[in-house]
Amino acid sequence: MVNSDPAARRALPSVDRLLSNSAVATLVARFGRVLTTDTIRALLQMHRDKLAQNASAFEFDEARFTAECEQSLLRQTQPSLRPVFNLSGTVLHTNLGRAVMPQSVADAVMIAMTRPVNLEFDLDGGARGERDTHVEKWITRLAGGDGAVVVNNNAAAVYLALNTLGGQRGKSEIIVSRGELIEIGGAFRIPDIMKRAGVKLVEVGTTNRTHLKDFAEAISPRTAAIMKVHTSNYAVQGFTAAAPEPELAALAHEHGIPYIVDLGSGMLVNLEDYGLPHEPTPREALANGADLVTFSGDKLLGGPQAGLLVGKKDLIARIRKNPMKRALRVDKMTLAALDALLRLYTNPDKLRDEVTAIRLLTRTQAEIRTQCERVLPHIQSALTGKAEAKVIDTGSQIGSGSLPVDSLPSAGIALTPAGKATRSFADKLSLAFRALPVPVIGHIRDGAFVLDLRCLDRADHEGEFIAQLKQLRLKNSI
C-alpha cells in the first residue's frame, strides 16, 4: 500500500529553503534561477515518490541533494552537438558531420559570425549586391563554366536545376538512364526529387546497359533536358554500357535542350595526383559538353554543406531568378567557409597540408600503423584484465557516397576479450568508449571493437584521446 504519511512528506525542505542554501546559490549564479529552480522541483518530486513507497527508509541529505542537482544541471546544459573522435574508419562520415574543415576556414567563419559583412552589399557601387558573387569567381576559375550558384546542399542544387528547366511551357520531361536512378542516405531518390521539382522522369535503357539510341528515341517536344547522374555511392560492374558523355551532350544540343550532369560528391582537382582513385570533376563534365553541373561542398571538396551549380551563363541566370533560390540559399557563414576553402584550391601544391579532408584521405598505412603502436600501450593499460588490444591492418572508407568500391589501406587497434570475440562484448566496449568525455566512435568487425586511427592525425587530438582513457568504465562485466 502507498504510504502518504504527511509527516514523512514534510521531511522534505521547501524550494525556497533550498534556494537559500549557499551551495545552491552558487548553482543559481552558474546556471540561472529559472533552470535551477525547475531542477530542484523535479528532484523533490522524485524524493516524494520515494517517500510514498517507503517513508520509514527515507533519509534526506541536503548535501547529497545539492550534488544531485548540480549533476542534473550539468547534464541538461551540456551541448547536444558535441565533438567526437571519429575512429570509425569512414573519413567523410555523414552522421559525424562529413568533412572536418581547416583552421583557416574556421577563422573565416568566425569573422563572418562576429562582424557585419558585405553579404549582399556592393562596396564599389554602394548598392544591393548578390551573395553568390563572393564565391562565383573562384568556382568558375576552378571548375570552369560562365557562372555559378550556391545553395544549401547538392540535393537542393539538383532540385533547383530541374525545377527551373522544367518550368518551360510544354517542356517537363527529363531523360535519365535507368541505371542512374540513385538513392542516397535518408532515402533521397532521384525520382522523388524530380517529382517534387515538377518534372516528369523518363527512364531509358536498363540497369546495366544504356545506349545513345535509347536517349535519342526518348526525346520529344516535351523534353526539357537530358541528365546524367554520377553513381558515386555504388558501382555497376560486369556486362555494362553507358553512352559517352560528349555524345550525350551533342545529342542534347542537336535538339536544342540542355545536358545536365549531377556529380554528387564532386571534386575540383584530379585525385590521382594525390594517390587516390579518380573522381570526375566539374571541369571534365563541362569539357565533355555539359551545360550545367551540380556537386557538393562538404564531401570530397572538404568544405561546408553546400550545393554548387556551375555552367552556362544563361542557365545560371535563369536558376538565380527562380523564386526557390531564396528558399534554398546559404547564409554568410557558409559563404565565408566556402570562399576560404576555394582559395586554398588555387594552390594545389599545398592542398595535402592545408585541406583537412585531403590530408586524412592521403595518410599512409605505415604512418597510421606507427601511430597505432604509439597509442596501443595506453589502451592496454586502460583495459588491463578486461580486454586484449592489438594493432591490425584494416581498410578505411572515403564515405558520403564517394568512391564506393575503393578502400584506403589503413591500420587500427582491435579490442577483443581474452576468449572468443562476441558481439555483446564489442557492444559493451563501444558503449564505454562513447561514454567518454569526448565520445569515441569505432566500428565492430568479426566480434571485435576496432579503432581505425586514420582520422586521429593531430598531435593534440592524440594527446586528448590518450588522456581520457583513464576515465574508461565498463558498466557490466565482460
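Modeller: A residue is called buried under 20% relative accessible area, exposed over 50%, and partly exposed in between. The model is predicted. Glu464 has a relative accessible area of 38%, so Glu464 is partly exposed.

Biologist: In which helix does Glu464 lie, and which residues does Glu464 touch, not counting those up to four places away in sequence?

Modeller: Glu464 belongs to helix α20, which covers residues 459-468. Leaving out residues up to four places away in sequence, Glu464 touches Phe85 and Val438. Phe85 is 379 residues from Glu464 along the chain, yet their C-alpha atoms are separated by 9.8 Å.

Biologist: Let us turn to the cysteines. How many disulfides does the count come to?

Modeller: A disulfide is a covalent bond between the sulfur atoms of two cysteines. To be counted, a pair of sulfur atoms must lie within 2.5 Å. The count here comes to 0 disulfides.

Biologist: Does Cys372 count as buried or exposed, and is Cys455 buried or exposed?

Modeller: Cys372 has 0% relative accessibility, so Cys372 counts as buried. Cys455, at 18%, counts as buried too, because the cut-off is under 20%.

Biologist: Next, the packing of helices. At what angle do α7 and α15 pack?

Modeller: Helix α7 (residues 133-143) and helix α15 (residues 332-344) pack at an angle of about 35°, and their axes are 9 Å apart. Their crossing is left-handed. On the α7 side the contact is made by His134, Val135, Trp138, Ile139 and Leu142, and on the α15 side by Leu335, Leu338, Asp339, Leu342 and Arg343.

Biologist: Which residues touch the most other members of the largest nonpolar core?

Modeller: That core has 63 residues, and Ile139, Ile226, Val293 and Tyr345 touch the most other members. Its largest share, 7 residues, comes from α15. Apart from this core lies another, of 31 residues, including Leu87, Val375, Phe425 and Leu472.

Biologist: Which residues does Ile226 touch, not counting those up to four places away in sequence?

Modeller: With those left out, the residues Ile226 touches include Ile175, Phe215, Leu248, Pro258 and Tyr259.

Key: Residues are numbered from 1 along each chain as its sequence is written. This is a predicted model: local features need pLDDT of at least 70, side-chain atom pairs count only at pLDDT 80 or more; totals for chains, interfaces and linings use all residues. Side-chain values use heavy atoms; hydrogens and water are left out. Helices (H or I, at least four residues) and strands (E, at least two) are DSSP runs, numbered from the N terminus. Buried means under 20% relative accessible area, exposed over 50%, partly exposed in between (1.4 Å probe, protein chains only). Contact means heavy atoms within 4.5 Å. Axes are lines fitted to C-alpha atoms, for helices over the stretch in contact, and angles run from 0 to 180 degrees between N-to-C directions. A crossing is left-handed if the near helix is turned anticlockwise from the far one by less than a right angle, and right-handed if clockwise. A nonpolar core is a set of buried Ala, Val, Leu, Ile, Met, Phe, Trp, Tyr and Cys residues joined through side-chain atoms within 4.5 Å.
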